[in-house]
Amino acid sequence: MSDALLLRALATFAVGGVGAFVAKKIRMPAPFMTGSMFGVMLFSLFTQSAYMPSFVRPIAQTIAGGAIGVSIHRDTLTGLKTITRPVCVYIALMMSIALVASAVMYWLTPLTLPTSVLSCAPGGITDMTLLSYDFGGNPVQVTILHVMRLITGIGIFPIFTQAYLRRHGGAKNPGELPTSLPHGPTTPVSHFDILTNVAIMFAGGLTGYYLRVPAGAITFSMVSVAIYQVRTDKARMSLKVRRGAQILAGSLIGSTMTVSELIGLRALLFPFLIIFLEFFIINYVVGPFVAKRYNQDMTTILLACSPAGVTDMALMAGEMGGDQAKVAVFHIIRLASVLLIFPMVMHVLS
């Protein structure tokens, strides 16, 4: 890389960092990803100088996969034993509805098939956006639609959930159910353990990348770290590293922004309505079915099916009287399942 390109890359990353800081201050959803993306988008549109090297993508994918792998510890698997059937049924129905919504979006909107599938996929915003590079989707459109989904999941769906519970007699006061989160890894670790985890994460990610396995970097990284975490309870990931990867990913997406793509964002309203309907069905048709069929608490299951992040929904479960641990387990398994299943679906479709 020439000195000029290196300076442009550093400037782009710095702008992404500023955007992430501003987004965090104004409390945007997924601020480090979305803030860096929007900041670099503006930088790109006004200066045409935004640039991120190609090797950033597998690095960001590897760290994103490792972040999910770290969360799959022994307590996650222990919690899963008590709700195996509800989780399996939920995952199967959720995936089926997401694929139907993807087909509807592809048939009724101008979006490409990869963009439609990844926009409807119930995965993390960073993960799905990074996968769009591997499968030929539009990363800007995927990101915007997932941001809209997160805003809806945090700002609107909890209101619907409370109304549903009041109507069906399921509302309760906080504290009526156990509210402890899975405690996560507690084994003391050394610097050697941290370096070992980093080595395992990148060994897995780079192996998947160089084998040219679909979504190999993110999937292999997640699986490698998850195995290490379950066996040793010593996997750790610095919050700064995770946020840095999100800023890298957001900067990478923003650097590809053009005026024509900016104008085309107006066409995302109808695709988002399809996504809204998809998650409404998952939340208020699949959720009650799973709760009643397997005698689960309705509040817990509705929050477990909500289209938002693990932390947001787990904390909300504590406020609404749900079981935080079960909500967290549901969402962790959802994220891991999407990363394992959707790349295979995309490979078949392509």
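Which helix supplies the largest share of the nonpolar patch? I shall return to that question after a few words on the model.

Good morning, colleagues. This is a predicted model, in which local features need pLDDT of at least 70 and side-chain atom pairs count only at pLDDT 80 or more, while totals for chains, interfaces and linings use all residues. Residues are numbered from 1 along each chain as its sequence is written, and side-chain values use heavy atoms, with hydrogens and water left out.

Let me begin with confidence. The pLDDT is the predictor's confidence in each residue, from 0 to 100. The protein chain has an average of 85, and 92% of the residues score at least 70. In residues 174-181 the pLDDT is below 50, and this stretch has 22 contacts in the model beyond near neighbours in sequence; a contact means heavy atoms within 4.5 Å.

Now to the opening question. The answer is helix 5, with five residues of the nonpolar patch. Helices here are DSSP runs (H or I, at least four residues), numbered from the N terminus. The patch covers about 840 Å² of surface and consists of Val100, Val104, Tyr106, Trp107, Leu108, Leu269, Phe270 and Leu273. Patches of this kind join nonpolar side chains (Val, Leu, Ile, Met, Phe, Trp, Tyr) within 5 Å, taking residues with over 30% relative accessible area and no salt bridge. Areas come from the Shrake-Rupley method with a 1.4 Å probe. Helix 5 (84-108) and helix 14 (269-293) each give at least two residues to the patch. Leu273, in helix 14, is partly exposed at a relative accessible area of 47%. For reference, buried means under 20% relative accessible area, exposed over 50%, and partly exposed in between.

I turn next to helix 7. Nine of its 11 residues are buried, so this helix is largely enclosed by the rest of the structure. Among the buried residues are Ile125, Met128, Leu131 and Phe135. Gly136 follows helix 7 and has a positive phi, near 80 degrees.

Which residue forms a salt bridge with Asp134? The partner is Arg57, and the closest N and O atoms are 2.5 Å apart. Asp134 lies in helix 7 (residues 125-135) and Arg57 in helix 3 (residues 56-71), so the pair ties together parts 77 residues apart in sequence. A salt bridge is a side-chain nitrogen of Lys or Arg within 4 Å of a carboxyl oxygen of Asp or Glu, and by this rule the count is one. Asp134 is partly exposed, at 31%, whereas Arg57 is buried, at 19%.

Thank you for your attention.

Technical notes. Buried means under 20% relative accessible area, exposed over 50%, partly exposed in between (1.4 Å probe, protein chains only). Patches are made of residues with over 30% relative accessible area and no salt bridge: like charges are joined within 9 Å, nonpolar side chains (Val, Leu, Ile, Met, Phe, Trp, Tyr) within 5 Å.
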